Amino acid sequence: MNRRQRLVATLKGETVDRPPVSFYEINGLDESPDPCDSFNIYTHPSWAPLIALAREKSDRIVMRGASLRSPAWSSPTYTPADASTITTTLTSAGSRITRLEVRIGRRTLTSTTRRDPDVNTTWQVEHLLKNSEDVKAYLDLPQPIFAGNLNIDGVLTAEAALGDSGIVMIDTPDPLCQAASLFDLGTYTVIAATEPDLFHQLLDWFAEFLTTQTEAMAQALPGRLWRIYGPEYASPPYLHPRLFREYVTAYDTPLVSAIQRHGGFARIHSHGRLRAILADIAATGCLGLDPIEPPPQGDIELIDVRRLYGQQMVLFGNLEASDLENLPTPEFEQKIRKALLEGTAGHGRGFVLLPSSCPYGRVLSPLALANYQKMIEVVEQF
C-alpha cells in the first residue's frame, strides 16, 4: 500500500499492511528552512534529517485550518470588523510582542502575546477577558456571521503536493476552545464552574458561526479527516465531567454530525485524563480520538480505550512527547512496541502511532532524532 492508501483504509476501518505512523505537526511539507525569518526554528541544520524522514517515510497527515475570505477569523480571538480595535506589534529584547485592544462602549479589553525566536510557540501573556464584566461586554459585540466565502485552496494545494504520500486533515476549534482561550486558566475554570449560564452565552456566541462554517467546509471538501480541538479545557481536573457533557458533547456533536454527514471523519483532540469523559466523547459520534496519552500524563491505558471504543473510533497516539525527547532510545522503543500491540489488539477500527506533540526548540537533539527514527524502524518491521 502507498501511504495515502494506508491512511484512508485505516480511517474506513479496512485492513492495512501495517499501522500508519505520523509525526503529528512534523510532516516534511510545512517546515520551510527559510533563513529570512528569524523566528523560524527550522533554519537550524539539526532539523533537516527529521524533516527529510517525515517527508520520505512517515504516513503524512498535514493540518490545514478551515479558512475564510470573509469575514476574517483569527483564532483564538474573533473580533467583528465593526468593533473598534487596535493591534500593535513590536520587537522587545528579541521577542515579538503583539498587543490587541478591543473598545466596546466605555470598556477597553486588552490582550498581549509573545513569540520568542528560539521557541516555536506563541505565549499568551495577557488574556482578553479578566472577569465576568468583561464577558458581558464581549457579548455585546455582534455575533460573527458566516458569509459563505470559503477558501479551500490551502487544502487542495497541500493534497496535490502530498500525492500518494499522505492526506490533509482539516483543523477546527470548537466553541469551548474559542471561549476558554479568552481567559487565563484560573479565571476560565472559576467562571465556567460557577457561572454556567453566562458561560453558555459565550459558547453560543461562537457556536452558530462554527457549526455553519463546518457544514459548508465539509460539503465543499467531503470525505476528509478533521481534527476538533478544545475539549481538553473541560476535562478533569479542570471541570467536573457533568460540565464536559454541557460544554463539549452538546456543542461538538453538531460539528461531528456536519463533518460525517458529508463522508468525513471527525477526530476529537483531548490531552490528559480521559477515563471519566470517554463515554461523553464517544457520544458525539466521532470516528477518531487523539492523543490518548499513557499514564501518568493520562489516566487510562490504550488497551482499555481500544476495548471500550476501538470499534467506533480510530485511535491516534499513545506516545508522550516528553518521552520522545528524553527517554533513551531502547526505553522509548519499548513504549513504541507497547503502543503498537495495544493499539492493534483484538478487533477495532484502526490505530495510528502518533506522538502527543513535537519538540519546539530551535535545536533538535540527537536523542529526539534517534527516537523518531526508531518509530519508523519499529513500525516498518511490525
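**A colleague's note on the predicted model**

1. The backbone at Y24 deserves a look, as its phi is near 60 degrees, a positive value in a residue other than glycine.

2. Y24 also turns up in the lining of the largest cavity, together with S22, I61, M63, M169, R267 and L354. How big is the largest cavity in volume? The value comes to about 40 Å³. By class, five of the lining residues are nonpolar, one is polar and one is charged. If you are wondering how many cavities of 30 Å³ or more there are, the count is one.

3. On to the open sites, and to the second largest pocket. Its volume is about 240 Å³, and 18 residues line this pocket. Which of them lie nearest the centre? They are E14, V16, R349, G350 and F351. The lining of the second largest pocket divides into five nonpolar, nine polar and four charged residues.

4. One joins D290 and P291, with omega at about 0 degrees. P291 has its place in the loop between strand 11 (288-290) and helix 10 (302-309). The other runs from P295 to P296, and here omega is near 10 degrees. P296, too, lies in the loop between strand 11 and helix 10.

5. Now for the helix packing. Two packed helices are described by the angle between their axes and the distance between the axes. Helix 2 (residues 48-57) packs on helix 13 (residues 366-381) with the axes 10 Å apart and an angle of about 20 degrees. Why is helix 2 called roughly parallel to helix 13? Because angles under 35 degrees count as roughly parallel, the angle of about 20 degrees makes helix 2 roughly parallel to helix 13. The crossing of these two helices is left-handed.

6. If you want to display that contact, select P49, L50, L53 and K57 from helix 2, and L369, Y372, Q373, I376 and E380 from helix 13. Six residues in the contact of helix 2 with helix 13 are nonpolar, one is polar and two are charged.

7. Helix 13 has another partner in helix 12 (residues 329-343): their axes come within 10 Å and cross at roughly 40 degrees. That angle makes helix 12 oblique to helix 13. Is the crossing of helix 12 and helix 13 left-handed or right-handed? It is right-handed.

8. In the contact between these two, helix 12 supplies T329, F332, E333, I336, R337 and L340. Helix 13 meets them with L367, A370, N371, K374, M375, V378, V379 and Q381. Sorted by class, the contact of helix 12 with helix 13 holds eight nonpolar, three polar and three charged residues.

9. One more pair is worth a view: helix 3 (residues 132-139) and helix 7 (residues 196-220). Their axes come within 10 Å and cross at roughly 35 degrees, and the crossing is left-handed. On the helix 3 side you will find S132, V135, K136, Y138 and L139, which meet L198, Q201, L202, W205 and F206 of helix 7. Seven residues of this contact are nonpolar, two are polar and one is charged.

10. For the loop between strand 11 and helix 10, pick P291 and P296. For helix 13, look at L369 and I376, which are among its residues in contact with helix 2, and then at M375 and V378, which are among those that meet helix 12.

Terms used: Residues numbered from 1 in each chain as written. Predicted model: local features only at pLDDT ≥ 70, side-chain atom pairs only at ≥ 80, totals over all residues. Heavy atoms only, no water. 1 Å grid on protein atoms, 1.4 Å probe; cavity = no way out; pocket = protein on both sides within 12 Å on 5 of 7 lines; lining within 4 Å. Points joined across faces, edges and corners; volume = space filled by probe spheres on them. Nonpolar A, V, L, I, M, F, W, Y, C, P; charged D, E, K, R; others polar. Axes fitted to C-alpha atoms, helices over the stretch in contact; angles between N-to-C directions. Helix = DSSP H or I, 4+ residues; strand = E, 2+ residues; numbered from the N terminus. Parallel < 35°, antiparallel > 145°, perpendicular 65-115°, else oblique. Left-handed = near helix turned anticlockwise from the far one by under 90°. Contact = heavy atoms within 4.5 Å.
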